[in-house]
Amino acid sequence: MSTKSSKKQPQRLSIPIRTRTREEDDSRVSSLPDSILCHILSFLPTKQAVATTILSKRWKPLCLSVSILDFDFNDISTLSMKTSANLFCLVYSVMLSRHDTLPIQTFRLICCPSRTRYAEDIIELIISAIQRRTQTLELDLKFIRIHNNFVSNLFICRTLTVLKLKRLTIWEDIPQINNNISPLKTLHLEKLYFTTYTHLINFLLSFPLLEELETNDLHICQQRFVPKEADKIKCLRNLMTAKISDNEPLPLFLLSRVHANLSIKLTRACFVEVPVFYNLTQMEIFSDLKRRSWPNKWMWILEMLQNTPKLQHLIIHEEIENGNDHEEYSWEDPKKVPECLSSQLKTCLFRNYRANECELQFAEYVMRSSKVLISMTIHGACSVDLNAKWEMLEKLCCYPSDCNVVLFV
């Protein structure tokens with residue numbers, strides 16, 4: 001007689017899944033402390049944060065306690081006058097309802113007041129925000145002209161550390177404020193209009209503790225600027241990084257004390273006088289000439305090397321692959337080897353390398369002149385023939401050096 005052993009199958013427990021109701025979800029949110037709810041509201045555009053006030057009486061003071069005010073009326077030009085008036089009234093109501101002693105961490109405003117009758121009122125509103133201990137101010141006002149009272153409040157604000165201005169016009173003389181030291185650390189300027197270079201220089205020098213500067217597409221009505229000898233000693237002494245991308249570059253003497261990184265985007269021939277960058281350790285040069293002629297471009301880059309004695313890292317980037325393939329550049333070895341090549345330069349990086357004669361001459365010069373170079377990295381442009389890339393690599397590798405040459409095809 002045979003017996004069959006049977007294994008006892010484990011019983012499965014069925015647990016009913018219960019979904020939370022909307023009322024329970026609301027209760028969970030409402031149970032959060034005020035500080036957490038304010039933090040959550042700070043991630044919303046202010047228009048949406050204000051909409052939460054209809055939930056209950058508790059939400060109104062929470063909304064008015066948010067430290068980040070973000071008003072984005074970018075599509076205001078497509079709105080009716082009545083609708084745009086309602087939007088501006090929203091900004092006013094939020095600002096007037098907040099307690100004067102409540103600081104503002106970030107005030108961000110994007111709108112087009114120049115197309116409405118509210119332009120002057122909006123400027124006064126921004127001044128009010130600055131005076132309420134604002135730390136970060138971001139404005140995009142579609143080319144509205146700002147007056148000296150606004151600029152003066154920027155300079156004397158004791159809490160403002162980050163300032164980002166876009167599409168503003170500064171026509172008046174920059175007010176001179178004695179014994180004032182602005183704590184501003186970060187300044188970004190994009191599509192700003194200044195009457196003269198003197199206005200621009202005075203504006204920048206009003207932030208002596210500046211550490212990060214970024215400019216893009218600045219416009220100066222004055223066509224030409226010839227600095228006086230007294231101007232050339234002016235500079236931003238605490239500057240750590242500077243990123244410059246303008247048709248007419250900033251007067252470079254303002255950046256002569258930059259410590260860490262200088263990035264310059266060239267869109268046309270640069271005739272700005274090159275100062276000595278005493279402490280600069282990394283330099284990026286972006287070239288986007290768009291077929292504009294500049295035969296002395298590589299000689300200008302050599303002049304930059306001559307004036308950066310502590311440079312350790314060099315990056316050269318050609319924005320447009322075929323922009324100047326047939327341009328005739330001039331080249332000649334400098335009479336004196338730049339100090340940075342003799343004792344400092346450790347890495348050199350070419351991006352979008354097209355194997356033009358001057359590019360190759362420059363790379364060869366860096367290879368044979370550098371004493372402590374560790375790596376020469378080249379990213380070849382897609383338009384360059386593979387055989388030409390290998391031929392260029394063989395030429396660079398023939399120099400006796402401990403430098404590692406890397407080619408990305």
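# Helix pairs and pockets: worked exercises

The axes of helix α9 (residues 297–306) and helix α11 (residues 357–369) cross at roughly 20° and come within 11 Å of each other. We'll start from that pair. The model is a predicted one, where local features need pLDDT of at least 70, side-chain atom pairs count only at pLDDT 80 or more, and totals for chains, interfaces and linings use all residues. Residues are numbered from 1 along each chain as its sequence is written, and side-chain values use heavy atoms, with hydrogens and water left out.

**Exercise 1.** Work out how α9 and α11 are oriented and which residues make their contact.

*Step 1.* Axes are lines fitted to C-alpha atoms, for helices over the stretch in contact, and angles run from 0 to 180 degrees between N-to-C directions.

*Step 2.* Angles under 35 degrees count as roughly parallel, over 145 as roughly antiparallel, 65 to 115 as roughly perpendicular, and the rest as oblique. So α9 and α11 are roughly parallel to each other.

*Step 3.* Now the contact (heavy atoms within 4.5 Å): W298, I301, L302 and L305 of α9 and C358, E359, F362 and Y365 of α11 make it. Sorted by class, that's seven nonpolar, no polar and one charged residues. Here Ala, Val, Leu, Ile, Met, Phe, Trp, Tyr, Cys and Pro count as nonpolar, Asp, Glu, Lys and Arg as charged, and the others, Gly among them, as polar.

**Exercise 2.** Carry on from α11 to helix α12 (residues 386–397) and describe their packing.

*Step 1.* The axes of α11 and α12 come within 10 Å and cross at roughly 25°, so the two are roughly parallel to each other.

*Step 2.* α11 passes α12 in a right-handed crossing.

*Step 3.* On the α11 side, L360, A363, E364 and M367 meet M392, K395 and L396 in α12. The class tally for this contact is five nonpolar, no polar and two charged residues.

**Exercise 3.** Find the handedness of the crossing of α6 and α7, and the residues that meet there.

*Step 1.* Helix α6 (residues 119–130) and helix α7 (residues 148–156) pack at about 15°, axes 10 Å apart.

*Step 2.* The crossing of α6 and α7 is left-handed.

*Step 3.* I123, E124, I126, I127 and I130 in α6 meet N149, F150, N153 and L154 in α7. That contact has six nonpolar, two polar and one charged residues.

**Exercise 4.** Describe the lining of the second largest pocket.

*Step 1.* A pocket is an open set of points on a 1 Å grid over the protein atoms alone, where a 1.4 Å probe fits, with protein on both sides within 12 Å along at least five of seven lines; lining residues have an atom within 4 Å of a point.

*Step 2.* This pocket is lined by 23 residues, of which H188, L189, E190, E214 and N216 lie nearest its centre.

*Step 3.* By class, its lining has eight nonpolar, five polar and ten charged residues.

Notes
Helix = DSSP H or I, 4+ residues; strand = E, 2+ residues; numbered from the N terminus. Left-handed = near helix turned anticlockwise from the far one by under 90°.
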